[in-house]
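Thanks for making the time this morning. Please bring the sequence and the structure up on your screens, and I will talk you through a few local details.

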Amino acid sequence: MSATMTTDRPRTLHQHDAARIRFSGVLHSEWIKLRSLRSTIWSLLVLVLVPIGIGVLLASLADDGGRTVTGDAARNALVQYSTSGATIAVLVVAVIGALVVTGEYGTGMIRSTFSAVPRRWEALAAKGIVLAATVFVTSAVSVWATAFTTLPIADANGVEASLDASVAMPLLGASVYLTLIALLAFAVGIVLRSTAGAIATVLGLMLVAPVVVQLVQGFTHATWLGTLNNLLPQNAGQPLMQFGTEDTSGWHDGVLALGGWSGFAVLAAWVVAASATALVLAQKRDA
């Protein structure tokens, strides 16, 4: 009888300790991990500074032949200056998203993480939330800093724009786009458990796949390939950063064009599908 009680007590205490783990504590732990990585700090600095540099360069080189640009044309130009750096930043956030989880798989630290947080989905969800918040805030700082920096430069070159709601929406869309790409890379990293494999897969899906689809479409003239091309993550996210007051989404000549909201829905669907696959595999496989 006493032997039975002795063996049951540690198990009861272990279950009680596991039950006391708060999700807020897991979030705090993942935040400490993320900001303690030197690679993360450098990547976030690149995420802030490079888009600003690109925007300033484009605004400085703007030349409209001495004409003054106003109205929607000027606001469209300001949006392009402010979001042009996203084409480079997307590569940075893909690397950050993959490294957040594959680094732990590579070192074996993921086993300690799952031991401390027995419900694996909680540990992975905390990582994803911290990643999303960090990328969104950092990219928002970068995009808005670019907008405020390029605004006087553009004005000096005859582009008289203003930061109104029509400009704010695509600037917000750029941060949403980069955050979703980071989460997509994060989910792929869980599936592959390899830094090189995750980065190669995400960048291949974003940079190589559209080129391949366009080449095949050029030879076959199949209109459905145009729709497929627009549904790929890179192209689905582009409408989020486009200036415009008119909705141009819908079917045009047999090809589905995406707008801001529909592009967001498609890109979010990519993230949800990849995340669901990642969670299932994380539960079934050994750490």
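Phe264, in this predicted model, is partly exposed, because its relative accessible area is 31%, which falls between the 20% and 50% cut-offs. Its partner is Trp261, and the two form an aromatic pair of the edge-to-face kind, with 6.4 Å from centre to centre and 90° between the planes. Both belong to helix H12, which covers residues 260-284, and because they are three residues apart there, about one helical turn separates them. Trp261, for its part, counts as exposed, since its relative accessibility is 71%.

How many aromatic pairs does the structure hold? There are two, and the other one brings together Trp144 and Phe148, whose ring centres are 6.2 Å apart and whose planes meet at 35°, so that this pair is classed as tilted. As for accessibility, Trp144 counts as partly exposed at 29%, whereas Phe148 counts as exposed at 53%.

Let me turn now to the backbone. Most residues other than glycine have a negative phi. Arg193 is placed in the loop between helix H8, residues 165-192, and helix H9, residues 195-220, and with a relative accessibility of 32% it counts as partly exposed.

At His221, which is not a glycine either, phi is also positive, at about 60°. His221 is found in the loop that connects H9 with helix H10, the latter being residues 223-231. Is His221 buried or exposed? It is exposed, because its relative accessible area is 65%, and the cut-off for that label is over 50%.

That brings me to Val216, which lies in helix H9. Val216 itself is partly exposed, given a relative accessible area of 37%.

Conventions. Residues numbered from 1 in each chain as written. Predicted model: local features only at pLDDT ≥ 70, side-chain atom pairs only at ≥ 80, totals over all residues. Heavy atoms only, no water. Helix = DSSP H or I, 4+ residues; strand = E, 2+ residues; numbered from the N terminus. Buried < 20%, exposed > 50% of the residue type's maximum accessible area, 1.4 Å probe, protein only. Phe/Tyr/Trp six-rings, centres within 6.5 Å; stacked < 30°, edge-to-face > 60°.
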